[in-house]
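Subject: Structure for your review

Dear colleague,

Please find below the structure that I am handing over to you. I would be grateful if you could read the notes that follow alongside it.

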Amino acid sequence: MKRAACILFVLSIQLINAQTDSINTVAPLYKWNQTNKAGLDISEVTFVNWNAGGSNSISALVNVLSALNYNDLYYKWKNSARLRYGINKQENQRLRKTEDELELISTIGYRNDTITNWYFSGRFNFKTQLSNGYNYPDRDNPISKFMAPGYMFFGGGAEYGKNLDKFSIYLSPLTIKATFVLDEKLSNAGSFGVEPAVFDADGNMIESGERVRTEMGILVTNSYETNLFENINLKNRLSFYTDYLDQFGNIDVDWEIVFDFTVNQYVKATLGSHLRYDDNIKTLVATNVENEFEERGAKVQWKQLLGVGVIVDF
């Protein structure tokens, strides 16, 4: 009996050691991953005795992207920050801004088991710009500034995707959208959809313009990334938003599609298109009276980019 008890004790100790060794050798089920990329695109044109005419010019675009993501069996937390800034200098003209965007995105998701590809998700998105924007050649009257406008989306819903870094669909039935116009002159003018200032018959301000406009509605987004060919990558981001209370059914659209053509590890070309439509952003048309404008309906905003430059991972 004593001998059997000793054998059982030894086997128990070996079993415990084996389980401990297997636990120590199992790879961790969670992972933090950080990526950083910086790119510079430059284009230049110079004319010397060129009989067809033309203006010397140089353009530069800086693009910085930083991402910090967390993954385990049940949770995913994606964080990214993107900065784009471009300038252009033409002969006999002052420096002009061509691109200016700062964007922060954070999405956290939870799923009940490892089989489903649906996550209960919350998302935060913030956009603004860094420097003043002008309707060139007028440099005396900025039409946009830092936090004028600024956009914030915050809400919760569900996100679907087997590999969320490559493909995802996010559905949020409850998202708060805030539009910030923190510049006094722009807010009093009612820029970017905020309520303008109220004046009396003598031109005296009765009530200042709205600085923050808040909405609550439905947000649907889609992101997709794939390699079309060995050296051609496609990135697509599309979002739709409509407000419950103010003209429900009028949809704000933000659609960006970018093709990256890789030459080698450091050199690539980029071809992109960015389309926006916001029903709250009205257009102004000059009238016969100097410095007076008439408000018209919203229009589609579109931007196209093409550049060749260098990119560095760090």
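The notes below set out what was found, beginning with the conventions.

This is a predicted model, in which local features need pLDDT of at least 70 and side-chain atom pairs count only at pLDDT 80 or more, while totals for chains, interfaces and linings use all residues. Residues are numbered from 1 along each chain as its sequence is written, and side-chain values use heavy atoms, with hydrogens and water left out.

Overall composition

The chain holds 16 strands and two helices; these are DSSP runs numbered from the N terminus, with helices being H or I of at least four residues and strands being E of at least two. Of its 314 residues, 31% are buried, where buried means under 20% relative accessible area, exposed means over 50%, and partly exposed lies in between (1.4 Å probe, protein chains only). Contact means heavy atoms within 4.5 Å. Among contacts between residues at least 6 apart in sequence, 52% join residues at least 24 apart. The chain exposes about 20,300 Å², and carbon and sulfur atoms supply 60% of that area; accessible areas come from the Shrake-Rupley method with a 1.4 Å probe, and for residues only the protein chains shown count as cover.

Strand S11 covers residues 232–243 and strand S12 covers residues 252–262. S11 and S12 pair in the antiparallel sense over ten bridges; two strands pair if DSSP finds at least two bridges between them. Within S12, Ile-257 is the bridge partner of Asn-236. S12 is also joined to S13 by ten bridges, and these two strands run antiparallel. They form a hairpin with four residues between them. In S13, Arg-276 is the bridge partner of Asp-254.

Salt bridges

A salt bridge is a side-chain nitrogen of Lys or Arg within 4 Å of a carboxyl oxygen of Asp or Glu. By this rule the count comes to 22. Side chains of opposite charge can pair when their charged atoms come close. Three of these pairs are described here.

Arg-82 forms a salt bridge with Glu-256, their closest N and O atoms being 3.3 Å apart. Because Arg-82 lies in strand S3 (residues 75–90) and Glu-256 in strand S12, the pair ties together parts that are 174 residues apart in sequence. Arg-82 is buried, at 14% relative accessible area, and Glu-256 is buried as well, at 9%.

Arg-276 forms a salt bridge with Glu-101, with 3.7 Å between the closest N and O atoms. This pair links distant parts of the chain, since Arg-276 is in strand S13 (residues 267–277) and Glu-101 is in strand S4 (residues 96–110), 175 residues apart. Arg-276 counts as partly exposed at 30% relative accessibility, whereas Glu-101 is buried at 5%.

Both pairs belong to a network of salt bridges that links Arg-82, Glu-101, Glu-103, Lys-127, Arg-237, Asp-254, Glu-256 and Arg-276.

Asp-246 forms a salt bridge with Arg-213, the closest N and O atoms being 2.6 Å apart. Asp-246 lies in the loop between S11 and S12 and Arg-213 in strand S10 (residues 212–229), so this pair ties together parts 33 residues apart in sequence. Asp-246 is partly exposed, with a relative accessible area of 32%, while Arg-213 is buried at 11%.

Nonpolar core and surface patch

The largest nonpolar core has eleven residues: Ala-148, Tyr-151, Phe-153, Tyr-170, Val-181, Leu-186, Phe-192, Val-194, Leu-219, Tyr-241 and Ile-281. A nonpolar core is a set of buried Ala, Val, Leu, Ile, Met, Phe, Trp, Tyr and Cys residues joined through side-chain atoms within 4.5 Å. Not counting residues up to four places away in sequence, Val-181 touches residues including Ala-148, Leu-186, Phe-192 and Val-194.

Tyr-244 is placed in the loop between S11 and S12 and counts as partly exposed at 36% relative accessibility.

Yours sincerely
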